[in-house]
Amino acid sequence: MKNKKVGYDSFLAYIYDYSPYFGKERYNSEYATNYYFNYLPNKTEGIILEMVTCTGMLTIPMAKAGYIVDSIDASEEVQDIAIEKIKLLDSSISKNITFYCSDVFEFETENKYSAIVMPDSFLCAIDNEKSQKKLIKKCYNLLKDRGVLIIDVFTPWKDIIKKGELNQCSRFRTNDGKLYIVYVHHIVNKEKQVHTFEFIHEEYETKTRFEHKVVYRYLYSSQLKKLIESNGFIIMNVDKHFNFGNSVAICARKK
């Protein structure tokens, strides 16, 4: 059997919008964007910074609504998916977006933003507490006075945390009709709040398997609030039922 060990590369970008462990629940779903639009400032107040692009599920709706967006992502492959989507749209939309392929910690700009959005549990993908704090502080420094920070993170899976380890299996079909079986081995370190996902994606009725690992440092809503407030923000709203109760979303304003 042919195994392909891959990271966050072209294969993950290809399946991202369709896999239940990645973007499937958000794909073509307004609930994934409504919370952000409820708290984004007036579009005349300045540029929005998006951390990170992923496949453009928030980027494109913001651009369609008339917002000017700087969108950054460390993965050229996944960002290319968003770029290909935008090619199908009117130029009046595409001109509202500037893409930067960059690590968020290395991103440099002279811009000050009216809002920073951090969708799709990206903060959890920063897999240690020190770096999470560093990222929130960077957001503070990149915002204008009274600028807005909007974040969503997945809710810790209590049943898996309790067990410490679990195996799951699911399936999905991509837009081009290919069927994939996905096997996931979950491993949780309660002390460090680290949730490791070991994935195997197997294309149905073929011998091709893709292996990769994703590591998240999960946060409880009280921890997320404390992290944001301790870095100079005032909490404006907390939605513990975001993503059908699977995530928590927070909007905060820079003091």
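**Entry 1: the sheet**

I began with strands β2 (residues 48-51) and β5 (residues 113-118), which run parallel and are joined by 3 bridges. Before going further, I noted that this is a predicted model. Across from Glu 50 I found Val 117 in β5.

Next I looked up the strand order, which reads β4-β3-β2-β5-β6-β12-β11 in an open sheet of 7 strands with mixed pairing. β4 (97-101) and β11 (233-242) are at the edges with a single partner strand each, so one side of each has no neighbour in the sheet. From one strand to the next, the twist averages 15 degrees.

**Entry 2: helices on the sheet**

I then checked what packs on these strands. Helix α2 (residues 31-39) lies across β5, β6 (143-154), β11 and β12 (247-254), and it runs at about 155 degrees to β11. Helix α4 (residues 76-87) touches β3 and β4, and its direction makes about 165 degrees with that of β4.

**Entry 3: Ser 71**

Is Ser 71 buried or exposed? I found a relative accessible area of 0%, so Ser 71 is buried. Ser 71 belongs to strand β3 (residues 69-73). Its side chain makes a polar contact of 2.6 Å with the side chain of Glu 50, and a polar contact of 2.6 Å also joins it to the side chain of Thr 53. Leaving aside neighbours within four places in sequence, I listed the contacts of Ser 71, among them Val 52, Gln 79 and Tyr 100.

**Entry 4: aromatic rings**

How many aromatic pairs does the structure hold? I noted 21 aromatic pairs. In one of them, the ring centres of Phe 11 and Tyr 180 are 5.7 Å apart with the planes at 65 degrees, so this pair is edge-to-face. Phe 11 sits in helix α1 (residues 10-15) and Tyr 180 in strand β8 (residues 179-189), so the pair ties together parts 169 residues apart in sequence. Phe 11 and Tyr 180 are both buried.

The pair of Tyr 16 and Phe 22 is tilted, at 5.4 Å centre to centre and 50 degrees between the planes. Tyr 16 is buried at 5% relative accessible area, and Phe 22 counts as buried at 16%. I also found both in one aromatic cluster, whose members include Trp 157, Phe 199 and Tyr 216.

**Entry 5: lysines over rings**

Last, I looked up charges over rings. The charged end of Lys 43 sits over the ring of Tyr 67, 5.5 Å from its centre. Lys 254 lies over the face of Tyr 140, 4.5 Å from the ring centre.

Note on methods: Residues numbered from 1 in each chain as written. Predicted model: local features only at pLDDT ≥ 70, side-chain atom pairs only at ≥ 80, totals over all residues. Heavy atoms only, no water. Phe/Tyr/Trp six-rings, centres within 6.5 Å; stacked < 30°, edge-to-face > 60°. Helix = DSSP H or I, 4+ residues; strand = E, 2+ residues; numbered from the N terminus. Buried < 20%, exposed > 50% of the residue type's maximum accessible area, 1.4 Å probe, protein only. Lys NZ or Arg CZ within 6 Å of the ring centre and 35° of its normal. Polar contact = N/O pair within 3.5 Å; in protein donor to acceptor, adjacent residues only side chain to side chain. Contact = heavy atoms within 4.5 Å. Pairing = 2+ DSSP bridges. Axes fitted to C-alpha atoms, helices over the stretch in contact; angles between N-to-C directions.
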